[in-house]
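Here are some notes to read alongside the coordinates. They take up charged pairs, a pocket and a surface patch in turn.

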Amino acid sequence: MPKYNISINALAIQGAQRLTSKTGKDCLVIDLDASRIQRHQNGKLYLNLEMSENRDGEDQYGNSHRVAEPTTKDERAAKIQLPILGNAKTFYFPSESQGQPVRQTTTAAPRKVATAAVVDEDSSEIPW
């Protein structure tokens, strides 16, 4: 089963700003349009993102997918393209109970999952 390592640029989200608090800490403030945020019954706020496979396969950094905000029907009709927020890499685990993940490229024609040899000095520790 593939797993994805996703990295996004939070400042690329529409309405995002980096501010410094009175105590000197960096803060991320996102002034979202009401149509971009979904309020759940439990009071939590959700921002939907979409992840899609790159058309040309992996890029030069091994990223196989892109992450962006989904466009609305009106934005698609107006051909507005939202910025790409980040990328994702695909990893395959030979077995959930053993080993480190093995990154597999998406540009190879036949998909073969390689296995990773694990040398563990102390088998009582969890590998991650």
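1. Arginine 18 and aspartate 26 meet through their side chains in a salt bridge, at 2.6 Å from N to O. The model is a predicted one. Arginine 18 is exposed, because its relative accessible area of 57% is over the 50% cut-off. In total the structure holds 4 salt bridges.

2. A second pair joins glutamate 75 to arginine 36, with the closest N and O atoms 2.3 Å apart. This pair links distant parts of the chain, 39 residues apart: glutamate 75 sits in helix 1 (residues 73-77), and arginine 36 in the loop between strand 3 (26-30) and strand 4 (37-39). Both partners are buried, glutamate 75 at 14% relative accessible area and arginine 36 at 10%. Arg36 and Glu75 also belong to a salt-bridge network that includes Glu69.

3. The side chains of glutamate 50 and arginine 66 form a salt bridge at 4.0 Å, N to O. Glutamate 50 is in strand 6 and arginine 66 in strand 7, so the pair ties together parts 16 residues apart in sequence. Glutamate 50 is partly exposed at 34% relative accessibility, and arginine 66 is partly exposed at 27%.

4. The largest pocket holds about 390 Å³ of space. It is lined by 13 residues, and those closest to its centre are Ser52, Arg55, Arg66, Gln81 and Ile84. Strand 6 gives the most to this lining, with 3 residues. By type, the lining of the largest pocket has 3 nonpolar, 5 polar and 5 charged residues.

5. On the surface, Tyr4, Ile6, Ile8, Leu49 and Met51 form a nonpolar patch with about 420 Å² of accessible area together. Strand 1 (residues 2-8) gives the most to the nonpolar patch, with 3 residues. Methionine 51 belongs to strand 6 (residues 50-53) and is partly exposed, at 35% relative accessible area.

Technical notes: Residues numbered from 1 in each chain as written. Predicted model: local features only at pLDDT ≥ 70, side-chain atom pairs only at ≥ 80, totals over all residues. Heavy atoms only, no water. Patch = residues over 30% accessible without salt bridge, like charges linked within 9 Å, V, L, I, M, F, W, Y side chains within 5 Å. Areas by Shrake-Rupley, 256 points an atom, 1.4 Å probe, with all protein chains shown as cover. Helix = DSSP H or I, 4+ residues; strand = E, 2+ residues; numbered from the N terminus. Buried < 20%, exposed > 50% of the residue type's maximum accessible area, 1.4 Å probe, protein only. 1 Å grid on protein atoms, 1.4 Å probe; cavity = no way out; pocket = protein on both sides within 12 Å on 5 of 7 lines; lining within 4 Å. Points joined across faces, edges and corners; volume = space filled by probe spheres on them. Nonpolar A, V, L, I, M, F, W, Y, C, P; charged D, E, K, R; others polar.
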